[in-house]
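Please consult the sequence and the model alongside the text.

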Amino acid sequence: MTRRLLSVFFYFIPITIWGQSPSFSFRTIGINQGLSQSCVIDIAFDSLGFAWFATQDGLNRYDGKDFLVFPKNFDDITTHTGSRLGKLVLGKAGTLWLLTSGGHLEKMGLHDHRFTDAATTLITCVYEDTCHDQWLGTADRGIIFRPANPSTPAPAITLPSPSVSQITQDKEGRYWILTNNGLVVFNPATHTQKTFLPGVPCSWLSQDNKGSYWLGTYGKGIYKLSNKDTIFHPFASLPSDLIIQAVTVDRNDRVWVGTYGNGLFLIEEERINHFLADKSDPFSLPYNDILCIREDPYGGIWIGTDGGGVAQYNARFSNFSLLSRENVPGNMPIEQVRAITTGPQKGIWIGTSNKGLSYVDRSTGKFTALSLSPYRKGISNYERIVSLFTDREGDCWVGTQGNGLLIMDGKTKAVKKHFHPDANRLIRLPDHTIWCMLPDTGSRVWVGTRNGGLCLVDKYAGPLRIFDNTTLPENNIRSLVRIDDSIICIGFENKGIRFFNYHTGALLPETSLAPVLQRPFNLKCLFYQHPKLWIGTLGNGIFIYDLHTNILTSISEKEGLPNNTVYGILPDHYGSFWMSTNKGLCCFHPPASLDHTDKTHFTVFTHEDGLQSNEFNTGAYHEGRDGELFFGGVNGLTMFHPTRLTVDGQQPGIVLTGIMVNNSPLQEDTVAAYRKMLDLSYWQNSLSFNFAALDFVASNKIAYFYRLQPYESQWIEAGHRNYTAYTNLDPGNYTFQIKAVSPFSRGDARITTMEIRVRPPFWQTWWFIALCILSLAGLLYAFYRYRISQLMKVQQIRHRIATDLHDDIGSALTNISLLSELSRKSLTKGNDAGTFLDRISEEVQSSGQALDDIVWSINTNNDTLEQMVARMRRYAAEIFDGADIRYEFDMSIPSTQRRLNMEQRRDCFLAFKEILNNIYKHARALNVRIRLTMEGSSFRIEVSDDGKGFDTRAVTQRNGLKNIRLRVDKWRGAARIESSASGTRVAVEFPLA
């Protein structure tokens, strides 16, 4: 399971602030930070940089911010003569070997977090050599050898005891086997061995860069075998009865010795440091029982304790020294530091705003709290110190808020003089509040007051010159800085700044500061370094005024300043400027052009880096004579040498710690940190990533950047947020990139990349689209072939019917007609048979005509409009020529080659035929006019006669007119019949498809 690191880690700072002894501080990582259990038995670091902790209740993976815990338990059994501890050993090909409870050997795949059993014997230690041969130490069976190549024979080694505590290989390739009865060194090149220290229970061996060996024992202290010796000698500088669980030589050849019950020892050449747990000091070792010591890839030291979690040491933890309530005597005022100065003996004078003045003698480590007296009764808080200055004689000038100016003897710490408004003429000051001081020459100091303006004070002669609001814009002076041998820059409470020539006693014209005076601000501090004047403000960042070019540059949070209130500005020897704010201390590395300032030019330090607090105070900044910088704030005093800061390092590597797909964890065989490719279905298009920079010193100062190409072309700055999400990604190929930038590291950031493929749905794939196109083309072609086939069949049927009707029925009817005619001629007139024969003849003629119409309608050769019109003309001639009826046939059709549907052609002709038959049979007309026209896509037939007419409203049993209307309505046409005594007009209109 994953546990969030809830608390913010402090980068602890040293307590020792004087002398030349090194300072060491430890950061504790325990159960309050997410560790599963406080007994850390062993520590390992994998190839990606994760830290692994073996505890009595869980295996923990740590990335500097979060914990991932696995349910594994490890032994912690220690006696005066030996121990059985769990182990973590990094193996080949992404393998982590674990010695869990009961000496059970397990193998964990780092790529998939799967555990498998590896041995059933009680194992006490594991070592995998450079050839990947595995050496297993046991509790009672000596060594089990597992070669990477099965043909490799087991080495013949005689052990002084079958109980093995450690197996390791030195820089010369020799194997060292530690037992509870001495140790053996085996040389594989010569197949020889040598035994040391029989009877001594050995625990741990480590080799330094000079070739010497350091051996820890159970109850026998520590032994050393130098490269010039042939035997181990007790290391007399440490107690001889120490129970030593761990010995580690770091890359700087420092020897770290972890004991059981006696804390931690550090051997640096001839110097011994001893670290013990101290409940009153949160920066100390958390527990005195040390179980393991490991060095990380960046040179940090990790110490596993038997009840206090992990103690971590890094040189960067000791960048800053601190005086705070935790490490000064209870009677010493240290909160709300408002003024700082240093004396010639490197003593520190500290003024606070509520409890007065104190002095720290750094050579002896002595703290002195000094009491001040009011110059008159009734002054409240008369020990409020707001400015300090140490003169050449070592005396300290103390400026107070309400109690005047005091001069303290640098040696005796007694008050020499007290300048105040109620004093006699020689020591009378125009005001009782001294905001700032600036040394002049000899024993003279310029003093800026709250209500009395600017004063030049001689330590012996008293006030010499006073400039008030008759000369100055106002009397309230907050800051003073020297520009040259005659010019002082004065910073006022409300009137900005002005240049003052103290030789002439006059202000320079405002034109010399015109760009500055046009920008209203509340002043906090001034600093001058030729040719630029630096102005710290309340809420407006810093202004930098170039006296040569008269260009004013403003730098604020927008450009990377951590906070827009700047209390103090001090330079270092590297050309950088240190500024105290309400959000920590920042180092500004000015670019060649100040207009190009951005976040990359600032390095920000906060309370987590060992500062007294993130909030500092007005006036509480000072540069010592050796370049040491001092900044005071609400919780004490921060001190450091910029030249001694340890900040450089590699940019941290970054890993993916979690992948979510559609709001669910990705279930894959390979864990996120080792994945290089994601292959997802189209519906898995909502992704989120968690990532971590494996920096165990400043993980919460890491700035993350990411982008998803080609979805995003520019890097997205995530700040300290270590996750991102994408929703509704279109199918396609993407590249997710992450990088982390540490403010303390140099070089280009390392980029972690993951390829992502979101597969399209099958209906959007090229093969499916191609298949659909081919299928559609096939269907269209098949339909086309089917349609052609059907048309051919219809045409064949129509031809066959027409042929059969013409050849068979037509022939038969013709014969009937001929026979009837012959029979009629042979019969005598008046015979009834003649009547019947006449009727037969009529019916035969009618059937022939109908047959002819059918044949005409189904014949494919008659499908054009031209054929239908010709048929109409012939029919009109046949019916009217024999009846002596005159007719006109008028046709106005643009194109007669238009093909017609068979049914439509038939209905159109039959309607025409019905109209003409009605005229022939019933109208008694003498003249008929037929007009055929095309109007748009409609075929129009108009027939008019001069017959007797008829009543169109009369009910009749005849079907002629009904049939005409039915045939027209069938094709959604129109029929109009008009009749009167002078004739009839019939107009029908057929829309042609």
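What volume does the second largest cavity have? The second largest cavity has a volume of about 30 Å³. This is a predicted model, in which local features need pLDDT of at least 70, side-chain atom pairs count only at pLDDT 80 or more, and totals for chains, interfaces and linings use all residues. Residues are numbered from 1 along each chain as its sequence is written, and side-chain values use heavy atoms, with hydrogens and water left out.

**Cavity**

A search of the whole structure finds two cavities of 30 Å³ or more. A cavity is a set of points on a 1 Å grid over the protein atoms alone where a 1.4 Å probe fits but cannot get out, and lining residues have an atom within 4 Å of a point. The volume is the space filled by probe spheres set on the points, which are joined across faces, edges and corners. The second largest cavity is lined by D75, R84, L85, G86, L99, T100, G103 and I123. Strands β8 (83–85) and β10 (95–100) each supply at least two residues of this lining; strands are DSSP runs of E, at least two residues, and helices are runs of H or I, at least four, numbered from the N terminus.

**Nonpolar cores**

A nonpolar core is a set of buried Ala, Val, Leu, Ile, Met, Phe, Trp, Tyr and Cys residues joined through side-chain atoms within 4.5 Å. Buried means under 20% relative accessible area and exposed over 50%, with a 1.4 Å probe and protein chains only.

| Core | Number of residues | Residues included |
|---|---|---|
| Largest | 37 residues | M872, F880, L916, I930, L932, F939 and I941 |
| Second, separate | 29 residues | F320, F527, I542 and F640 |

In the largest core, the residues listed are those with the most contacts inside it. The largest share of this core, nine residues, comes from α5. Leaving aside neighbours within four places in sequence, L916 is in contact (heavy atoms within 4.5 Å) with Y875, A876, I879, F880, I930 and V943.

**Helix α6**

The buried residues of α6 are G960, I964 and V968. Because these residues cover an arc of only 70° around the axis, they lie on the same side of α6; the arc is that of the directions from the helix axis to the C-beta atoms. L966 and D969 are exposed on the other side of α6. The buried residues of α6 pack against α5, β71 (974–980) and β72.

Notes
On a 1 Å grid over the protein atoms alone, a cavity is a set of points where a 1.4 Å probe fits but cannot get out, and a pocket is an open set with protein on both sides within 12 Å along at least five of seven lines; lining residues have an atom within 4 Å of a point.
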